Amino acid sequence: MACAGPAGGRQRVSMQEHMAIDVSPGPIQPIHLISDYFPHFYPFLEPVLCAPDPQVAPAIHSAPQLQPNPEPEGDSDDSTALGTLEFTLLFDADNSTLHCTAHRAKGLKPPASGSVDTYVKANLLPGASKASQLRTRTVRGTRGPVWEETLTYHGFTHQDAGRKTLRLCVCEDSRLRRRRRAPPLGELRVPLRKLVPNRARSFDICLEKRRLTKRPKSLDTARGMSLYEEEEMEAEVSGEERGRILLSLCYSSQRGGLLVGVLRCAHLAPMDANGYSDPFVRLFLHPSSGKKSKYKTSVRRKTLNPEFNEEFFYAGHREELAQKTLLVSVWDYDLGTADDFIGGVQLSSRASGERLRHWRECLGRSDRRLELWHLLDSVPPQLGD
């Protein structure tokens with residue numbers, strides 16, 4: 001393209017210079033991005049039409065950017081998306097107890113129903129699931145529940161600390177919603193061998209998905225039965241302990257006899273179809289001298305960790321009692337049928353281990369009460385004449 005110059009000559013103008021000429025009156029205006037007038041669609045942002053301001057210097061506009069969500073809503077499959085649980089463990093070796101204090105949970109992943117009514121359930125593995133199952137109260141309506149509640153296992157020994165694992169599950173309380181029981185929101189496991197006796201240890205651990213194990217083939221054919229089961233079934237193995245009992249012995253010099261206290265039992269084997277037992281304890285001092293030698297406690301209904309706190313008296317001199325055997329047996333009460341034997345223990349001068357020590361120390365010192373836990377034998381005692 002050519003145009004007239006100042007001297008009357010013709011001057012050539014390039015196409016680029018021609019397109020840069022603004023023929024409209026007034027100052028030259030910048031060419032705005034077309035995206036300002038036709039913005040892209042973003043589902044989380046409201047599109048804004050930016051009108052050009054003629055008095056503002058030109059600026060380059062970029063497409064709107066998505067802002068990250070500061071708090072995930074549980075769409076991720078990572079373990080951290082299930083939340084965390086804060087708790088404290090204390091192994092009280094002097095009293096043979098394990099204390100688990102559930103403090104709080106954070107960032108729980110809400111279930112599909114949207115309910116956030118949660119509690120903490122504890123189990124000792126291996127062991128019968130219901131015998132060692134404890135739970136906190138339910139906290140409603142929050143993804144960060146605070147319980148500050150202590151769960152206590154009685155009869156917890158050094159041997160238990162070396163071989164058992166504590167499992168904690170954060171569960172949804174389905175009873176408040178009147179629907180079928182929902183799977184746990186998450187779980188964690190702590191090997192108890194890491195605990196130092198009489199020293200509290202705090203934890204803040206991420207929750208994981210519940211582990212499932214394949215059901216045995218012999219059970220796969222059952223109609224309507226899931227092919228998988230919770231891993232707590234690993235604890236219900238034949239040969240597992242029948243439970244334990246806490247006894248107190250004291251020879252009373254004032255009354256001239258032996259005081260036997262049946263305090264409590266823990267982790268008893270379930271004998272009823274509902275997974276529990278109705279336990280009571282029988283006492284028998286053998287051989288009998290014709291006096292009162294048999295006692296039994298009251299029945300505790302539907303429990304595997306009964307507390308009795310009942311005391312019984314056997315008259316006799318210390319030398320005479322040392323030649324006898326105290327038989328303690330735990331039974332499951334059944335109405336209309338024979339009672340089921342759960343387990344028993346024998347204390348005498350012919351016993352061994354803790355049973356012998358308990359018996360000797362009791363009769364060796366007067367007016368001193370000695371409490372000790374004893375494992376129950378699965379075989380009923382066999383006595384001679």
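Analyst: Buried means under 20% relative accessible area, exposed over 50%, and partly exposed in between, with a 1.4 Å probe and protein chains only. This is a predicted model, in which local features need pLDDT of at least 70, side-chain atom pairs count only at pLDDT 80 or more, and totals for chains, interfaces and linings use all residues. Residues are numbered from 1 along each chain as its sequence is written, and side-chain values use heavy atoms, with hydrogens and water left out.

User: Is Tyr314 buried or exposed?

Analyst: The relative accessibility of Tyr314 is 2%. Tyr314 therefore counts as buried.

User: What is the mean pLDDT of the protein?

Analyst: pLDDT is the predictor's confidence in each residue, from 0 to 100. Of the residues, 66% reach 70 or more, whereas over residues 40–52 the pLDDT is below 50. For the protein, the mean pLDDT is 78.

User: Which residue in β10 is the bridge partner of Leu85?

Analyst: Strands β3 and β10 run antiparallel. The partner of Leu85 in β10 is Ile205.

User: With the side chain of which residue does the side chain of Thr101 make a polar contact?

Analyst: Thr101 lies in strand β4 (residues 97–106) and counts as buried because its relative accessibility is 17%. A polar contact is a pair of N or O atoms within 3.5 Å; within protein, one must be able to donate a hydrogen and the other to accept it, and residues adjacent in sequence count only if both atoms are side-chain atoms. At 2.8 Å, the side-chain partner of Thr101 is Thr150.

User: What is the angle between the planes of Phe91 and Phe156?

Analyst: Rings of Phe, Tyr and Trp (its six-membered ring) pair if their centres lie within 6.5 Å; planes under 30 degrees apart count as stacked, over 60 as edge-to-face and the rest as tilted. By this rule there are five aromatic pairs. Phe91 and Phe156 form an edge-to-face pair, 5.2 Å centre to centre, with an angle between the planes of 85 degrees.

User: How many residues apart are Phe91 and Phe156?

Analyst: Phe91 is in strand β3, and Phe156 is in the loop between β7 and α3 (158–163). Both Phe91 and Phe156 are buried. The pair links parts of the chain at a separation of 65 residues.

Methods
Two strands pair if DSSP finds at least two bridges between them. Helices (H or I, at least four residues) and strands (E, at least two) are DSSP runs, numbered from the N terminus. Contact means heavy atoms within 4.5 Å.
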